[in-house]
Amino acid sequence: MKVAITGGGTGGHVYPALEVARALRAEGFETPYLGSLRGQEGAACRKEDVPFYGFASEPLYSIRTLKGLRTLARLLRASGEARKVLARVRPDAVFSTGGYSSAPVVRAARSLNVPYVLFEANSVPGRSIRLFMPQAVTLATAFHATEKVFGPEGFEGARFPGVPGLPLVRTGMPIRQALREAAYAAEAPRREGPPRVLVVGGSQGSEFLNRHVPEAVASQGLLGEWLHVTGPRHETATRLRHAELGLGDHYVLRPFLQAEELARAYLDADLIVARSGGSLADFALFRRPSVLIPLRGSADDHQRFNALEFERMGAAETLGEAEFTSEKFAETVRRWLEDAAARGRAAEALASWDRPDATERIRDLVIQAASEKR
């Protein structure tokens, strides 16, 4: 049997999709991946030895400009190309994690009457997910808030019309197997020493965090050991800033971390400073509290809503970009580092939020959809 996989543009869509693909292959399924030539999925598929079919799709922000009309034309052309691939590959089902690169593929699946299962990694479903919900077999979710978003009350002002009869299943997030295994296999206790803070900006890094967090640490005299993952594109500029601020060896910069290194960094950290995308599921897996600075302008403000769910359960504190100051940041960091009891309560809440069998839950939903077609 075959399940076509799609979703991408960013790592937050690609890596969960590949994790479900891995679980399906373990059950004997073929899992061709269809996505964008400009996104991260092509390189990720080559690394995982997954067959990849790429199309010239890109984000569509508006059709009121010439650029927007050209983008729409490319998306429509990509839909036609995806339809030809699906007609040739003949999958029993399609699994999509959303993102701009998934839209042409799911549209093609719909036109060919191929059943599809959707997964939403954020609290507020993205446009590609909402667009194709009416004909979906199931919508799997990571956040509790997603079901509220489709309910009569909404969630903190976020509300979209639901689809009658569409099952919403909170499966949890399909986290990379290497990270989950590292979290479970960690027998050595956390190394003794000063408090440790991990700063991460997502798969591509965060220019905001790269600029403002080192400034706050330097100006407010924040102590402890800091590991800051800049993202490859921002490494040089952040290193120059690091030197200008006179930060010493206690503030270490890395462009990225491999899965094993990232797992070690999570295990060693007392606190994480981050955006609030899909990586929040990693923080839950490793039971680490966080100071969250949501990306201003994220689609439908989903990062703020993600952060709100973690803040409400006592696992995080949110600082918006507009209200961020070095003083507020330092005060928040110190409060967490000095309160071991709060960190313990956060760990308990995060353990309850985490779903260890998320990948298997989604795999089973996809297999059910594929089996029913046959």
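Here are a few notes on this predicted model, one topic at a time.

Residues are numbered from 1 along each chain as its sequence is written. Local features need pLDDT of at least 70 and side-chain atom pairs count only at pLDDT 80 or more, while totals for chains, interfaces and linings use all residues; side-chain values use heavy atoms, with hydrogens and water left out.

1. Start with strands E2 (residues 33-36) and E3 (residues 52-55), which run parallel and are joined by 4 bridges. (Strands, E, of at least two residues and helices, H or I, of at least four are DSSP runs, numbered from the N terminus; two strands pair if DSSP finds at least two bridges between them.) Tyr33 has Phe52 in E3 as its bridge partner.

2. Now look at helix H13 (residues 326-338). Its buried residues (under 20% relative accessible area; exposed is over 50%, partly exposed in between, with a 1.4 Å probe and protein chains only) include Phe329, Val333 and Trp336.

3. On to salt bridges: a side-chain nitrogen of Lys or Arg within 4 Å of a carboxyl oxygen of Asp or Glu. The count comes to 20. In one of them, Arg363 meets Glu27, with the closest N and O atoms 3.6 Å apart. Arg363 is in helix H15 and Glu27 in a loop, 336 residues apart. Arg363 is buried at 16%, whereas Glu27 is partly exposed at 46%.

4. Finally, Arg241 and Glu215 pair at 2.7 Å between their closest N and O atoms.
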